[in-house]
Amino acid sequence: MTQAPTANNRMAKAHSSAETLTEVSTETHLKWLRDMQLIREFENRTMQAYQQAKIGGFCHIYSGQEACAVGTIAATKQDDPVVTAYRDHGHALARGMSARACMAEMFGKITGCAKGKGGSMHMFDRPNWLFGGHGIVGAQTPLGAGLAFASKYENEVLKKGVHPDHKPKQKITLCYLGDGAIDQGAFHEALNLASLFDLPVIFIIENNGYSMGTAIHRHTANHENLVARGESYGIDSIKIDGLDIRHLYSEFKPFADRCRENSRPGFVDLKTYRYQGHSMSDPQKYRTKDEVEEYKNKDSIARLLNQLMEEGSMTEDSWKTMQNEIRDEVLDAVEFAESSPAPEVEAELFTDVYALPQKNLSPTAEYHHGARNPLL
Amino acid sequence: MTTLEMIDSKIHPAVGEWTLPDFVDEADLPGRDGDRVIQFREAIREAMSHEMRQDEKVFLIGEEVAEYNGAYKISQGMLDEFGPRRIIDSPISENGFAGMCIGAAMYGLRPIVEFMSWSFSFVAADAILNNAPKMLYMSGGQWGCPIVFRGNDGAGGQLASTHSWCVEGLYANVPGLKMAIPSNPYDAKGLLATAIRDPDPVFFLESERMLGDKAHVPEEQYYIPFGRARLAREGEHCTLVSFGRPVHFCVEAAEKLAADGIECDVLDMRTIRPLDIDAVIKSVKKTSRVVVVDQSWPFGGVSSEVITQICERCFDYLDHPPVRVNTEDVPTPYAKNLEAAYLPNPTKIEAAVRKVIEATA
Ligand SMILES: Cc1ncc(C[n+]2csc(CCOP(=O)(O)OP(=O)(O)O)c2C)c(N)n1
Ligand SMILES: [Mg+2]
């Protein structure tokens with residue numbers, strides 16, 4: 001299990017350019033630290049619950065990559081669409097989903113964000129504009145282009161909200177994918193469409209160096225120059241160190257603002273690392289313990305904590321307090337998930353299949369409407 | 001609201017408000033007879049154009065739909081009326097643009113996605129099968145997918161295996177989608193308008209071989225509810241169940257049989273999901289004999305589904321085991337004679353009915 005950073009492994013050194021960071025307040029830095037630590041702690045408890053067989057299915061742990069979701073989502077507005085793959089707990093939490101709804105979903109409970117119908121790989125949060133959590137590698141990339149298409153259409157063609165309570169505006173869609181997903185046709189088609197139609201979507205490659213057990217140099221050509229993929233479609237493309245959140249934000253924020261303003265796609269090779277196996281069932285024969293340790297020494301949470309302590313914005317005491325609060329929040333989420341009821345078969349198995357259920361849609365099932373989603 | 005079984009409110013938290021009309025009974029729809037004769041392709045165009053005028057959220061995308069005026073001239077003139085923001089030429093990226101439109105539909109738009117042929121939809125299979133029909137369920141009712149996929153289905157004319165797909169047998173298997181297969185211009189216009197307004201993903205299957213078919217189609221827009229079969233011909237001796245192009249073969253066969261005093265009910269199902277099994281049961285209880293005609297392959301297809309439901313629901317009324325007429329169970333051949341032998345036709349249907357009648361005489 002991944003340890004929370006302590007004074008001992010706080011080895012990282014800041015190397016962000018100071019001037020681009022002056023706009024970011026100390027409160028914001030503290031929020032980033034809190035959000036990242038929340039994800040780390042949440043994932044620790046997730047692994048525990050998985051080992052206790054309280055969580056089933058495929059479960060992909062985000063530990064090590066926290067700065068990616070937190071640092072990029074920090075550059076968006078609350079109603080900018082976000083879509084990601086199956087390693088999605090971090091994005092859900094960073095986007096504002098409660099730890100309770102996220103954990104309860106994995107426990108397969110009615111109080112989960114998808115009423116227990118999606119599980120670990122399918123986190124959805126309509127109030128926070130999170131469009132999933134998608135299990136098929138690369139499938140979310142055309143969806144990301146489509147979300148950008150729709151926000152642009154809403155703004156430029158409709159000139160009014162698709163829904164009465166929503167105002168059109170220039171939005172940017174964040175579409176996350178792993179380095180393995182860039183080998184998919186869907187990804188290439190989505191990039192072509194996004195560039196061709198001037199869609200304001202940023203494809204963020206969370207490049208953790210592995211597609212399951214296949215290291216990047218074995219799964220993709222020209223792997224040292226991923227930005228060439230984006231550039232080949234005429235898309236502004238940058239490579240960012242995804243382990244240093246302050247640096248990440250200072251690079252990503254102006255990049256995202258430009259994409260929003262110009263209504264153009266972007267491509268980001270965000271270098272990161274995952275500490276755990278690909279999923280909970282991975283013996284990790286394809287990499288060395290030394291390699292994992294090397295990255296843990298560059299831990300993004302420890303690095304930010306170190307910086308904040310050096311600056312005097314954080315003390316050992318306030319860090320302890322923050323950790324305790326987070327631990328309580330996550331424990332509460334686990335308890336909530338545990339004590340929540342499972343979806344009732346009669347009430348929920350046949351609901352949410354159709355928005356407009358009709359007679360004779362199925363020879364055996366009668367579809368109906370179930371409980372309102374707890375997030376709505 | 002009429003007898004159609006639907007939820008009371010016309011708003012769903014995952015798709016917002018929708019504006020499905022209050023459906024009327026078949027008898028109260030505008031008449032099918034008249035002299036405003038247009039082609040099938042024009043009927044489709046009229047439904048799309050009407051809905052696009054009503055709702056700016058509706059747009060059309062597909063290969064060659066805009067500047068080329070449609071590979072099959074279905075969207076002719078629509079670019080001029082609606083402009084390039086709403087009539088959109090897409091690159092040949094079915095997976096990409098189908099997936100893109102699913103994202104747009106989740107967000108709240110109402111895309112119409114034209115596949116030049118459903119035969120080309122397989123490269124988009126993940127998007128249209130894994131995403132569109134499952135989004136509402138997987139998100140626990142948070143994001144819907146109001147989208148129409150439409151295009152040519154079935155054998156065109158010597159297009160051979162890759163281009164002659166009937167996808168209904170495969171796709172109707174998936175819960176979460178609705179499927180309409182019109183057999184004539186009148187129904188095409190009324191069903192497509194309903195499809196565009198429906199808050200769920202609708203697979204709308206046309207036939208290249210019928211796009212030039214002509215019939216009277218009212219100018220006004222009307223809406224045919226899903227799940228209502230049409231009785232194309234009435235008779236008491238045998239029930240013929242079909243949908244799409246083979247409905248015409250059934251009517252032709254029924255006319256021949258009538259000359260020998262064999263009268264058939266011909267049911268045009270119009271939608272496969274929902275499937276108006278009640279109309280089928282009603283007819284079979286009357287005739288005690290049934291032949292199901294399906295232009296897709298027999299194994300695990302729509303005909304097998306219809307027959308299963310008949311057996312489940314009115315087995316005791318049958319005087320003879322249900323019979324099916326499908327395309328032959330081989331890849332679609334090119335040679336003219338082989339293709340003709342492969343497809344269902346009036347002769348095969350007539351023979352099937354005679355066999356059932358003779359065995360129960
Ligand atoms: C189309 C498809 N093929 C295979 C899989 C099985 N699979 C799930 S994740 C994965 C590796 C993807 O790696 P990457 O995109 O780098 O994301 P990461 O897991 O590193 O976050 C594979 C092969 C899948 N889910 N979908
Ligand atoms: Mg990876």
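Student: Let's start with the two chains. How many residues of chain B are in contact with chain A?

Tutor: A general point to begin with: interface size is often quoted as the accessible area lost when the parts come together. Here we count residues instead. In this predicted model, 54 residues of chain B are in contact with 51 residues of chain A. On the chain B side, α3 (94-107), α4 (125-131), α5 (135-138) and α10 (302-314) each supply at least two residues. The largest share, eleven residues, comes from α3(B).

Student: And what classes do the residues on that side of chain B fall into?

Tutor: The side of chain B that touches chain A divides into 25 nonpolar, 18 polar and eleven charged residues.

Student: Next, domains. Where are the bounds in chain B, going by the domain assignment?

Tutor: The assignment gives domain 1 as 28-216 and domain 2 as 230-355. Taken over C-alpha atoms, the centres of these two domains of chain B are separated by 26 Å. Their contact takes 23 residues from domain 1 and 24 residues from domain 2. On the domain 1 side, α6 (168-171), β8 (178-180) and α7 (185-197) of chain B give two or more residues each, and β8(B) gives the most, with three residues. That side of domain 1 divides into twelve nonpolar, seven polar and four charged residues.

Student: How is chain A divided?

Tutor: Chain A has domain 1 at 18-343 and domain 2 at 344-376. The C-alpha centres of those two domains of chain A lie 31 Å apart. Ten residues of domain 1 of chain A are in contact with eight residues of domain 2 of chain A. The domain 1 side of that contact has five nonpolar, one polar and four charged residues.

Student: Now strands. Why call β13(B) enclosed?

Tutor: Look at burial residue by residue. Five of the five residues of β13 (residues 264-268) of chain B are buried, so this strand is largely enclosed by the rest of the structure. Both faces are covered, with B:Cys264, B:Val266 and B:Asp268 on one side and B:Asp265 and B:Leu267 on the other.

Student: Which way do the neighbours of β13(B) run, parallel or antiparallel?

Tutor: There is one of each here. β11 (residues 230-233) of chain B is joined to β13(B) by three bridges and runs antiparallel, with B:Arg230 opposite B:Asp268. β12(B) and β13(B) run parallel, joined by five bridges, and B:Cys238 stands opposite B:Cys264.

Student: What about β7(B): how many of its residues are buried?

Tutor: Strand β7 (residues 148-152) of chain B is mostly covered, with five of its five residues buried. β7(B) pairs in the parallel sense with β6 (residues 110-117) of chain B over five bridges, where B:Ser117 has B:Asn152 as its bridge partner. β7(B) also pairs in the parallel sense with β9 (residues 202-206) of chain B, again over five bridges, and B:Phe149 stands opposite B:Phe203.

Student: Last one: how many residues surround ligand 1, and which are the closest?

Tutor: 14 residues surround ligand 1, and the closest are A:Val137, A:Gly178, A:Gly180, A:Ser211 and A:Met212. That shell divides into five nonpolar, seven polar and two charged residues.

How values were computed: Residues are numbered from 1 along each chain as its sequence is written. Chains are lettered from A and ligands numbered from 1 in the order in which they are written. This is a predicted model: local features need pLDDT of at least 70, side-chain atom pairs count only at pLDDT 80 or more; totals for chains, interfaces and linings use all residues. Two residues are in contact if their C-beta atoms, placed from the backbone, lie within 7 Å. Helices (H or I, at least four residues) and strands (E, at least two) are DSSP runs, numbered from the N terminus. Ala, Val, Leu, Ile, Met, Phe, Trp, Tyr, Cys and Pro count as nonpolar, Asp, Glu, Lys and Arg as charged, and the others, Gly among them, as polar. Domain bounds come from an automatic or database domain assignment. A residue is near a molecule or strand if its C-beta atom, placed from the backbone, lies within 6 Å of it. A residue is buried if 20 or more other C-beta atoms lie within 10 Å of its own, exposed if 12 or fewer, and partly exposed in between; C-beta atoms are placed from the backbone. Two strands pair if DSSP finds at least two bridges between them.
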